[in-house]
Amino acid sequence: MEPNPPSSNSQEPDHQDRREAPRTRRQVRAMVTDGDGKEPPVTAWVTDCSLGGLCLSVKREVPPDTVLSVRPASAPPGVPWVQVRVKSQRSLEGNWELGCQFVRTPSYSVVLMFS
């Protein structure tokens, strides 16, 4: 069962966001599996993204420090899975929001697919 799409409608970066890598907020459907890619992928939503990481909305709790592999659901076949490390989690509207950091920063073109 896939998580409900987040309710935020903002697609523009927050102009008050002064981070080194500003976040874009948008809902992008993604596929998520374990760090080794051995488990069947499940659907998730990327709710914001920056060059440092992304926020995932998923149906189940995932403990901090867990490594996951994530890929945009609409990505062409050659786009690689990207590893992220869960840094934080919180329950929100029946889903879990996972604050994740890229294990290795992917190419800018791949990051754009998440935002």
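The following legends accompany views of a predicted protein model.

**Figure 1. Overall fold of the predicted model.** The protein comprises six strands and one helix, arranged along the sequence as β-β-β-β-β-β-α. Of its 115 residues, 37% are buried. Among contacts with a separation of 6 or more, 53% are between residues 24 or more positions apart.

**Figure 2. The largest nonpolar core.** This core contains 23 residues. The members that touch the most other members are Val-46, Leu-54, Leu-56, Leu-68, Val-70, Leu-98 and Phe-114. Two or more core residues come from each of strand E1 (24-34), strand E2 (42-49), strand E3 (53-58), strand E4 (67-72), strand E5 (82-92), strand E6 (95-102) and helix H1 (108-113). In soluble globular proteins, nonpolar side chains tend to be buried together.

**Figure 3. Surroundings of Leu-68.** With residues up to four places away in sequence set aside, Leu-68 touches Val-32, Thr-33, Asp-34 and Gly-35, among others. Further contacts of Leu-68 include Leu-56, Val-62 and Leu-98. Val-82, Gln-83, Val-84 and Val-86 are also among the residues that Leu-68 touches.

**Figure 4. Surroundings of Arg-90.** Arg-90 lies in strand E5 and has a relative accessible area of 47%, so this residue is classed as partly exposed. Apart from neighbours within four places in sequence, Arg-90 is in contact with Asn-95, Trp-96 and Glu-97. Arg-90 and Glu-61, separated by 29 residues in sequence, have a C-alpha to C-alpha distance of 8.4 Å.

Note on methods
Residues numbered from 1 in each chain as written. Predicted model: local features only at pLDDT ≥ 70, side-chain atom pairs only at ≥ 80, totals over all residues. Heavy atoms only, no water. Helix = DSSP H or I, 4+ residues; strand = E, 2+ residues; numbered from the N terminus. Buried < 20%, exposed > 50% of the residue type's maximum accessible area, 1.4 Å probe, protein only. Contact = heavy atoms within 4.5 Å. Core = buried A, V, L, I, M, F, W, Y, C linked by side-chain atoms within 4.5 Å.
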